[in-house]
Amino acid sequence: MTPLRVSIIGVVASLLLILVVLELIRGRRLKERYALLWLATGAVLLVLSAWREALNTIAGWLGVTGYPPAVLFAVATLFILLVLLHYSTVLSKLTDENVELAQRIALLEERVASLREPRIPAD
Amino acid sequence: MNLEHLARTVAIVPAYNEVAAIGRVVDEIRAFDPAIDVVVVDDASTDDTAATAEAHGATVLRLLFNVGIGGAVQTGFRFALEEGYGRAVRLDGDGQHDASELGKLLAPIETGTADLVIGSRFVDSNGSYRPPLGRRIGIRVFAWLVSILGGQRVTDTTSGFLALDRVGIELFAAEYPHDYPEVEATLIALRSGLRLSQVQVDMRERETGSSSITFVRSLYYMVKVSLALLVASLRRYPRLTGARR
């Protein structure tokens, strides 16, 4: 069975995570679409910390017989991996969009310049 | 779209800090054929590359920040697409590609027998280009991989010396890798059904500056390009018609 102290710390930590994320959204420092995975992380950890029988049962399914709170770590790690992977896709998209913007600006600047002063035809 | 351009050719020259070479590159292209419009894509150089190219009569596309060789070249393809050019050639800004060989590259485009012509250093086994062993192995391995995955024998996938017709311009304007692009772009072209032909060219030693390939970078290069090839062969590409419009 999970030690009571571990459960309490787990509840407090996941509540803290949820509160910090909500506060960041409220202050417009975090967009909702990037907060959802964090909130899901907090919610799942909160449930698993507070509902001790559930954690035990899941630990049993996974074959973790010695120390059920290990499942908490595993779940937390899994969610952090998901968040990081999600951010890598966001970063890739931003990189592509950034390059496309630079290309578009280069093309438009040339067009503006050639409207001001028509291109000299190459003979 | 500028319809009267369709019969015209644009030369796309990516350049990053090539102030010492770029003037001559532009001059040589215009000397080869004054009717070719030269477009230098300045990849956020910190020297006077852009102004020098302009002074030699090139149109200059200035990138706001450095986007890498592929992103720079693609800017040129997009220019060619939007301005309605029917043919495009691409040469490096460091002068390693000899503009007097452009005729060989453009011939299969003009007769309509190819959509993409690559200037290869290895069509003839007695070509004069002898790269260091490591690079030679890399070039061979990628040529072999692209040949298998693309279904056509390709001798030089790392060459940046090429000519395109309108179909090729449309493809590369829409889809071109942003860093170390040549190998993957060749495979994309083959898988999109472009007719590829290769002509023997010689390349000059760099006149100025140094090659950007260091050991760590060449390791990154090998891994990145291999991954890109693997993924590109799993993707679906719409078959483009080879017929010229």
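Which residue of β2(B) is the bridge partner of B:Ala11? The partner is B:Val38. This is a predicted model, in which local features need pLDDT of at least 70, side-chain atom pairs count only at pLDDT 80 or more, and totals for chains, interfaces and linings use all residues. Residues are numbered from 1 along each chain as its sequence is written, while chains are lettered from A and ligands numbered from 1 in the order in which they are written.

Helices (H or I, at least four residues) and strands (E, at least two) are DSSP runs, numbered from the N terminus. Two strands pair if DSSP finds at least two bridges between them.

| Strand joined to β2(B) | Bridges | Direction |
|---|---|---|
| β1(B), residues 9–15 | 6 bridges | parallel |
| β3(B), residues 59–62 | 4 bridges | parallel |

In the second pairing, B:Asp42 has B:Arg62 of β3(B) as its bridge partner. The chain passes from β2(B) through helix α2 (residues 49–55) to β3(B) in a right-handed β-α-β crossover; right-handed means that, with the strands pointing away from the viewer, the path from the first strand over the helix to the second runs clockwise.

Strand β2 (residues 37–42) of chain B is largely enclosed by the rest of the structure, because 6 of its 6 residues are buried (20 or more other C-beta atoms within 10 Å of the residue's own, with C-beta atoms placed from the backbone). B:Asp37, B:Val39 and B:Val41 point one way from β2(B), and B:Val38, B:Val40 and B:Asp42 the other way.

Key
Buried ≥ 20, exposed ≤ 12 C-beta atoms within 10 Å, placed from the backbone.
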